[in-house]
Amino acid sequence: MIHPHTELKFISDKIGYGVVATKFIPKGTITWALDKLDRIFTPAQVRAMDPLYQHVLDTYTYRNPEGNHILCWDNARFVNHSSNSNCITTAYEFEIAIRDIQPGEQLTDDYGYLNLEEPFEVVPEEGTDRVIIYPDDLVRYYHVWDEKLLEAFERLQGVEQPLLHILEATTLAKARRVSAGEEQMDSILNCYCPKHGKINGEAQQVKVRSPKVAYPF
């Protein structure tokens, strides 16, 4: 479920539609959370579909660590990519604002952590030299995203959280402990879906490790 203080808006002919804030959303706010209306499709289900449906899922879904395709039922599926996104996913099936989001500003994700199946080119942005997003970007940039998440989690309990009540009780309790510094944060690497279904050499690439973060491999 997308944050309630947002709306779908036409951005441009090139970009199409996007999700913009209707009110100020402070850093540390949960901007999206997986809910009971979101649809989950296994790889086998997707392969059995007509190409028409496969194209829709390729466009509007992300893949979870198990390789399943997640289709958001609401405007969350229209959140656009930015290589300098203002929201980042977590290992807890919710996303969080990593900086203040102003009214009228787009909510953006970095598609590099959505387990893409193929690379794609993006428009260059100020502050980053990335022009291609790769399926294994999670392994490349996990430490950058983890540091931003740690800073955002510090704010989690001090800002308004309209989506907090839809989190599972165990997830909510863990998020609060992480925010209070009582427990390590699970790395965004927990979201990684290996291309061939199993970890094969990625552990050797995980060279930056923080004592505040728990890593899956």
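Y111 is partly exposed, with a relative accessible area of 22%; buried is under 20%, exposed is over 50% and partly exposed is in between, using a 1.4 Å probe and protein chains only. Before I continue, please note that this is a predicted model, in which local features need pLDDT of at least 70, side-chain atom pairs count only at pLDDT 80 or more, and totals for chains, interfaces and linings use all residues. Residues are numbered from 1 along each chain as its sequence is written, and side-chain values use heavy atoms, with hydrogens and water left out.

Where is Y111 found? Y111 belongs to the loop between strand 10 (108-109) and strand 11. Helices (H or I, at least four residues) and strands (E, at least two) are DSSP runs, numbered from the N terminus. Leaving aside neighbours within four places in sequence, Y111 is in contact with V79, N80, H81, L116, F120 and I133, where contact means heavy atoms within 4.5 Å. From Y111 to H55 the separation is 56 residues in sequence and 17 Å in space, C-alpha to C-alpha.

Let me turn to the largest pocket, which has a volume of about 1,400 Å³. A pocket here is an open set of points on a 1 Å grid over the protein atoms alone, where a 1.4 Å probe fits, with protein on both sides within 12 Å along at least five of seven lines; lining residues have an atom within 4 Å of a point. Grid points are joined across faces, edges and corners, and the volume is the space filled by probe spheres set on the points. Of the 50 residues that line this largest pocket, T59, V79, H81, Y111 and L114 are the closest to its centre. Helix 2 gives the most to the lining, with four residues.

Axes are lines fitted to C-alpha atoms, for helices over the stretch in contact, and angles run from 0 to 180 degrees between N-to-C directions. Strand 4 and strand 6 pair over three bridges in the antiparallel sense, and F41 stands opposite H69 in strand 6.

Another open sheet has three strands in the order 3-9-8, again with antiparallel pairing. Its edge strands, strand 3 and strand 8, each pair on one side only. Helix 3 (residues 137-153) packs on this sheet, touching strand 8 and strand 9, with its direction at about 75° to that of strand 9. Which way do the residues of strand 9 (residues 94-97) point? F94 and I96 point one way, E95 and A97 the other, and all are buried. I96 is the bridge partner of I88, and I30 also stands opposite I96. Strand 8 and strand 9 form a hairpin with four residues between them, and E93 in the turn has a positive phi of about 60°.

How values were computed
Two strands pair if DSSP finds at least two bridges between them.
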